Amino acid sequence: MQILYMYSRQVIQRSFKMATPIRKSVELFYDVVSPYSWLAFEVMCRYQQKWNIDLKLRPFFLSGIMQGAGFHQPGPSKASYMGKDLKRQTDMYKVPFKMPRNPAEVILIKGSLNAGRFLTAVDMNCDQYLEELTRQLFLRVYYRDEDITEPASLMSAAAKAGIPEDLAKQLLSTIKDQAVKDRLRETTQAALDHGAFGSPTIVAHVDGKPQMFFGSDRMELMAHMLGEKWYGPLPELAKAKM
Ligand SMILES: N[C@@H](CCC(=O)N[C@@H](CS)C(=O)NCC(=O)O)C(=O)O
């Protein structure tokens, strides 16, 4: 009886192992000042339960990437194309995007250093809020054309993300701490080390090897490499139709 019990346990364990493929990890490097990163962020959030992956959100600092990778400003034709491309893409992805009145000021002058540090502090201390805080910051910049540099702006995004006020205040008070600055720098460097030159940068770990993808429009290719199925940017609707 004892032997039979041990044997059946072994069989169950073996078949359980066979039926449970190893989870792959996917790192999404993003900056909330990058509108294309919002698309990648929403799509990855929609797929994180669908695919056999562990999604790690990795807020980085796009200016650091641009400096590290030697970025050139887009010329007028590319800038005008990008405006149209974003409108088309966000319509298709159902992301409520609106171009801010002065994108150059938002991206180049005001920037995202404080927002990136705040996201980093949240990631370090209570990462259960990271996804919703990220979404709320994107909504501020690329839907309501609101500031993301002032403490009051970050507090308001935190409240919308469900972070208790005392905790948000405490986290905000750490954004200039060396540990937070270092962590944001390390994350940015990690992306550069993977070959990043812009945002979003996605690193999928396939068979132990990191594969770097640039852009929210590389999802189908990434799914193929992960051995997962791509149902388009709206997987829930695709399922409903089937
Ligand atoms: N085709 C990409 C474009 C992404 C993109 O242009 N990202 C900008 C920041 S919003 C960037 O990093 N540009 C750097 C580059 O193109 O080298 C997509 O659909 O996501």
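Contact, in this talk, means heavy atoms within 4.5 Å. Leucine 133 touches Phe118, Leu119, Val122, Ala157, Ala158, Ala161 and Ile163, leaving aside residues up to four places away in sequence.

Before going further, a word on the source. This is a predicted model, in which local features need pLDDT of at least 70 and side-chain atom pairs count only at pLDDT 80 or more, while totals for chains, interfaces and linings use all residues. Residues are numbered from 1 along each chain as its sequence is written, and side-chain values use heavy atoms, with hydrogens and water left out.

Now the chain as a whole. The protein chain has 12 helices and four strands. Here helices (H or I, at least four residues) and strands (E, at least two) are DSSP runs, numbered from the N terminus. Taken along the principal axes, the C-alpha atoms fill a box of roughly 75 × 40 × 35 Å. Of the 242 residues, 45% count as buried. Buried means under 20% relative accessible area, exposed means over 50%, and partly exposed lies in between, with a 1.4 Å probe and protein chains only. Among contacts with a separation of 6 or more, 73% join residues 24 or more positions apart.

Which residues have the most contacts inside the largest nonpolar core? They are Val26, Leu28, Met44, Leu133, Leu137, Ile163 and Met222, in a core of 65 residues. A nonpolar core is a set of buried Ala, Val, Leu, Ile, Met, Phe, Trp, Tyr and Cys residues joined through side-chain atoms within 4.5 Å. Helix 2, residues 35-47, gives the most to this core, with nine residues.

I turn to the helix pairs. Two packed helices are described by the angle between their axes and the distance between the axes. The axes are lines fitted to C-alpha atoms, for helices over the stretch in contact, and the angles run from 0 to 180 degrees between N-to-C directions. Angles under 35 degrees count as roughly parallel, over 145 as roughly antiparallel, 65 to 115 as roughly perpendicular, and the rest as oblique. A crossing is left-handed if the near helix is turned anticlockwise from the far one by less than a right angle, and right-handed if clockwise.

Helix 6 passes helix 7 in a right-handed crossing. On the helix 6 side the contact uses Ala115, Phe118, Leu119, Val122 and Asp123, and on the helix 7 side Leu130, Leu133, Thr134 and Leu137. By class, this contact of helix 6 with helix 7 has seven nonpolar, one polar and one charged residues. For these classes, Ala, Val, Leu, Ile, Met, Phe, Trp, Tyr, Cys and Pro count as nonpolar, Asp, Glu, Lys and Arg as charged, and the others, Gly among them, as polar.

Next come helix 2 and helix 4, residues 76-93, which pack at an angle of about 20° with their axes 10 Å apart. That makes helix 2 roughly parallel to helix 4. The crossing of helix 2 past helix 4 is left-handed. In helix 2, Pro35, Tyr36, Leu39, Val43 and Arg46 meet Met82, Asp85, Leu86, Gln89, Thr90 and Tyr93 in helix 4. These residues divide into seven nonpolar, two polar and two charged.

Then helix 3, residues 62-69, and helix 10: the axes come within 9 Å and cross at roughly 40°. Helix 3 and helix 10 are therefore oblique to each other, and their crossing is right-handed. Gly64, Ile65, Gly68 and Ala69 of helix 3 meet Thr188, Ala191 and Leu192 of helix 10. Four of these residues are nonpolar, three polar and none charged.

Helix 8 deserves a brief stop. Its buried residues are Ser153, Leu154, Met155, Ala157 and Ala158, and they pack against helix 6, helix 7 and helix 9 (165-172). Just after helix 8, glycine 162 takes a positive phi of about 85°.

Finally, the backbone in the loops. Aspartate 145, between helix 7 (130-142) and helix 8 (151-160), has a positive phi near 55°. Is aspartate 207 buried or exposed? Aspartate 207 is exposed, with a relative accessible area of 74%, and its phi is near 50°. The peptide bond from serine 199 to proline 200 is cis, with omega near 5°. Proline 200 lies in the loop between helix 10 (178-193) and strand 3 (201-206).
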